[in-house]
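User: I'm new to this one. Can you walk me through it?
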Amino acid sequence: MNHLPNDTLAQELLRQIDLLKKEREAVILAHNYQPPEIQDLADYTGDSLELSRIAAKTPAKVIVFCGVRFMGETAAILSPDKTVLLPVLEAGCTLAEYATADQLRAMKKKHPDAVVVTYVNSSAEVKAETDICCTSANAVQIVQSVDRHRPIIFVPDYNLGHYAAKVTGRELILWDGCCPTHALLSTFAVAAARKKWPGAQVIMHPECKPETLELADFVGSTSGMLAYAKAQPAGASFIVGTEVGLLHRLQNENPDKVFHVASDYLICPMMKMTTLKDVKVSLEKMQYVVKVDESVRVRAKAAVDAMLQYTGAVAKKS
Ligand code: CIZ
């Protein structure tokens, strides 16, 4: 179902966005956790890996990244010749704030042989101190790819690192960070959801806590959950343990299936900041330009490029 509002004001905003987009030769990207109307407006929706790949390849001159800061930074790291705009200046990521470059440098000193694997939910400065980045879609693969004789520092999400360690059997040096939205999903909430919707499969994001993940029928990134749901038979139902924004795409792409959010707390306030007006103003005033210092960018790009060889599909919206 399309969630683009049809009141006069919204229609006028959409018309202006369309004109400005052409004028600026812009492409609009929206993360799977953005509000429904922003996802519907975007040229592409996806996870951060898919959107980074689109950002790297697009012929557009301007990229409006409807998401949070680290995502805009990743696009700017990959596409220095383009202007990347983040419509909301304050849209940050609490998880990314758990690690600073200074802290990571100190950790590297303690473990000089270690390979640093950094989740893309991190600042450009932290990426610049990294050997290889990962996303939730490829964390297991990336960890597996590291020489077995080298220790691995995994930054900044403890829960994703714990999950990757469990699946791969590798011992990781874990960072003490988490996504407060996913970490809030409790075993009690999942048990209550199962009771409320018996027969529904529980699908969950690896940013959830280890004890909560134990209760999942399937664990995956947002793109992983989309692919999993698609492969299930018509009539299947799901309890979804990730940010509520994903339910919009899940339901749109699977009208014959039913999706329930696992908890009403699964809302990322940062992801929900973007409005249609912000997108319009962003294109009009060319704000807020995401800038990454060139010496940081070059080193961060090496870590992102190292990840990008582990492919991710690019989904063009119909
Ligand atoms: O990698 C991403 O985009 C995030 C933050 C979650 C996911 O699984 O898509």
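This is a predicted model: local features need pLDDT of at least 70, side-chain atom pairs count only at pLDDT 80 or more; totals for chains, interfaces and linings use all residues.

User: Okay. Which domains is the protein divided into?
Analyst: There is domain 1 (8-92 + 271-287), domain 2 (95-178 + 296-317) and domain 3 (181-261).

User: How far apart are the centres of domain 1 and domain 3?
Analyst: Taken over C-alpha atoms, the centres of domain 1 and domain 3 lie 27 Å apart. Eleven residues from domain 1 and 14 residues from domain 3 make the contact.

User: What area is buried between domain 1 and domain 3?
Analyst: About 890 Å². Carbon and sulfur atoms give 46% of that area.

User: And how many salt bridges between domain 1 and domain 3?
Analyst: The count is one salt bridge.

User: What about residue pairs in polar contact there? How many?
Analyst: Eight residue pairs are in polar contact across the interface of domain 1 and domain 3, both residues at pLDDT 80 or more. On the side of domain 1 that touches domain 3, α2 (36-41) and β2 (44-46) each supply at least two residues.

User: Which element gives the largest share of that side of domain 1?
Analyst: α2, with three residues.

User: Switching topic. How long is helix α15?
Analyst: Helix α15 covers residues 294-308, which is 15 residues. From first C-alpha to last, α15 reaches 20 Å. That is close to the 21 Å expected at 1.5 Å a residue.

User: Which residues of α15 are buried?
Analyst: V296, R297, A300, A303, V304, A306, M307 and L308.

User: What covers them?
Analyst: The cover over the buried residues of α15 includes the helices α3 (48-57), α4 (69-78), α6 (124-128) and α7 (139-145), plus strand β6 (132-134).

User: Why are R297 and E294 about one helical turn apart?
Analyst: Because they sit three residues apart in helix α15. In general, an α-helix has 3.6 residues a turn, so residues three or four places apart point the same way.

User: Is E294 buried or partly exposed?
Analyst: Partly exposed, because its relative accessibility is 45%. R297 has 10%, so R297 counts as buried. The cut-off for buried is under 20%.

User: Which residues are in a salt-bridge network with E129 and R299?
Analyst: D102, R105 and K108 are linked with E129 and R299 in that network of salt bridges.

User: How many salt bridges in the whole structure?
Analyst: A search of the whole structure finds 15. Among them is the pair D43 and K21, at 2.8 Å, N to O.

User: Where do D43 and K21 sit?
Analyst: D43 is in the loop between α2 and β2, and K21 is in helix α1 (residues 8-24). They are 22 residues apart.

User: Why does D43 count as buried?
Analyst: Because its relative accessibility is 18%. K21 also counts as buried, at 16%.

Terms used:
Residues are numbered from 1 along each chain as its sequence is written. Side-chain values use heavy atoms; hydrogens and water are left out. Helices (H or I, at least four residues) and strands (E, at least two) are DSSP runs, numbered from the N terminus. The expected span of a helix is 1.5 Å times one less than its number of residues. Buried means under 20% relative accessible area, exposed over 50%, partly exposed in between (1.4 Å probe, protein chains only). Contact means heavy atoms within 4.5 Å. Domain bounds come from an automatic or database domain assignment. Buried area is the accessible area (1.4 Å probe) that two parts lose on being put together, summed over both. A salt bridge is a side-chain nitrogen of Lys or Arg within 4 Å of a carboxyl oxygen of Asp or Glu. A polar contact is a pair of N or O atoms within 3.5 Å; within protein, one must be able to donate a hydrogen and the other to accept it, and residues adjacent in sequence count only if both atoms are side-chain atoms.
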